[in-house]
Amino acid sequence: MTTWGFIGSGNIGSTVARLAIAAGHDVVLSNSRGPETLADLVSELGPHARAATAQEAAAAGDLVVVTIPLKAYRHVPVDGLAGKVVIDTMNYYPGRDGRIDVLDDGSTTSSELLQAHLPQSHVVKGFNNIYFQHLRDLARPSGSDDRSALAIAGDDAAAKDSVRRALDAIGYDTLDLGPLAEGWRTQPDQSAYGLQYAADEKDWTAGARPAGSDEVAGRAMRATRAPHEA
Ligand SMILES: NC(=O)c1ccc[n+]([C@@H]2O[C@H](COP(=O)([O-])OP(=O)(O)OC[C@H]3O[C@@H](n4cnc5c(N)ncnc54)[C@H](OP(=O)(O)O)[C@@H]3O)[C@@H](O)[C@H]2O)c1
């Protein structure tokens, strides 16, 4: 049994938590306002869920999902995550997160910023390019014809293998994009940013449509890098 820790328990955090519990795992949830504010969610998720502080969730997780607005990434606890595999779902939205020069000029990627903040952890980018409702709806058992693939990127092969196994357990195949530096391929403004899972090619929040690894890979490899829009 795996325990998933969550730094952030909103749309994506709560969706991944639901899938993890459905796979028989335990989850420890946290947010910015304190564990008591997660009582309704914990009650809905049942006995395999509990709420804690971010520090406690980091310490409790065999695998920890960081799923907060990017502007808050420096608040992610460092010590409790040392040596751990950390899945980074975050995306850069300047309107929400403020301007980050090194992302605007393309000299790094958002997951590399988190990795620099967590030098003793193994950051794997994942879940960043799927709308949370699609993530909820497209999970399938291993071997299903209509199983979807989720892109990951990371600098540590063993960490990526752990994430691959975790994603398989909760209903998804995995497509490895390579190192964290390749993570821009599935970031906002790219066609591999959610649209592959949407029934409407122009609206990533439209109804869910399965997408296998060939489609995700094709879109990611065709990506081109452009400066962020204001
Ligand atoms: N929504 C999607 O479909 C989607 C898909 C892929 C990726 N993403 C990305 O994933 C991240 C999370 O998105 P979301 O839609 O799940 O956001 P959300 O619904 O707004 O939830 C954000 C969560 O982060 C928590 N949080 C904020 N600051 C924190 C801190 N310093 N420490 C601990 N927890 C903190 C919030 O807690 P409080 O409520 O207590 O402040 C909340 O639980 C974003 O970077 C987003 O761009 C979103």
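Let's start at Glu 215, which is partly exposed at 27% relative accessible area (buried is under 20%, exposed is over 50%, and partly exposed lies in between, using a 1.4 Å probe and protein chains only). Keep in mind that this is a predicted model: local features need pLDDT of at least 70, side-chain atom pairs count only at pLDDT 80 or more, and totals for chains, interfaces and linings use all residues. Numbering runs from 1 along each chain as its sequence is written, and side-chain values use heavy atoms, with hydrogens and water left out.

What does Glu 215 pair with? Its side chain forms a salt bridge with that of Arg 209, with 2.9 Å from N to O (a side-chain nitrogen of Lys or Arg within 4 Å of a carboxyl oxygen of Asp or Glu).

Helix H8 covers residues 157-170 (helices are H or I runs in DSSP of at least four residues, strands are E runs of at least two, and both are numbered from the N terminus).

| Residue | Relative accessible area |
|---|---|
| Asp 161 | 31%, partly exposed |
| Arg 164 | 38%, partly exposed |
| Arg 165 | 48%, partly exposed |
| Arg 209 | 28%, partly exposed |
| Thr 53 | 29%, partly exposed |

**A loop threonine**

Thr 53 sits in the loop that runs from strand S3 (49-51) to helix H3 (54-60). Which residues does it touch, once neighbours within four places in sequence are set aside? Thr 53 is in contact with Ser 30 and Pro 35 (contact means heavy atoms within 4.5 Å). Val 28 lies 25 residues away along the chain from Thr 53, with 9.1 Å between their C-alpha atoms.

**The chain as a whole**

Stepping back, the chain has nine helices and ten strands. Its radius of gyration is 16 Å, which agrees with the value near 17 Å that a compact globule of 230 residues would have (taken over C-alpha atoms, with the rule 2.2 Å times the number of residues to the power 0.38). The C-alpha trace spans about 45 × 40 × 30 Å along its principal axes. Of the 230 residues, 52% are buried. If you take contacts between residues at least 6 apart in sequence, 64% of them join residues at least 24 apart.

On charge, the chain carries 21 positive and 30 negative charges, and their mean positions are 1 Å apart (Lys and Arg count as positive, Asp and Glu as negative, and His and the chain ends are left out; each charge is placed at NZ of Lys, CZ of Arg, CG of Asp or CD of Glu). How many salt bridges are there? The count comes to 14.
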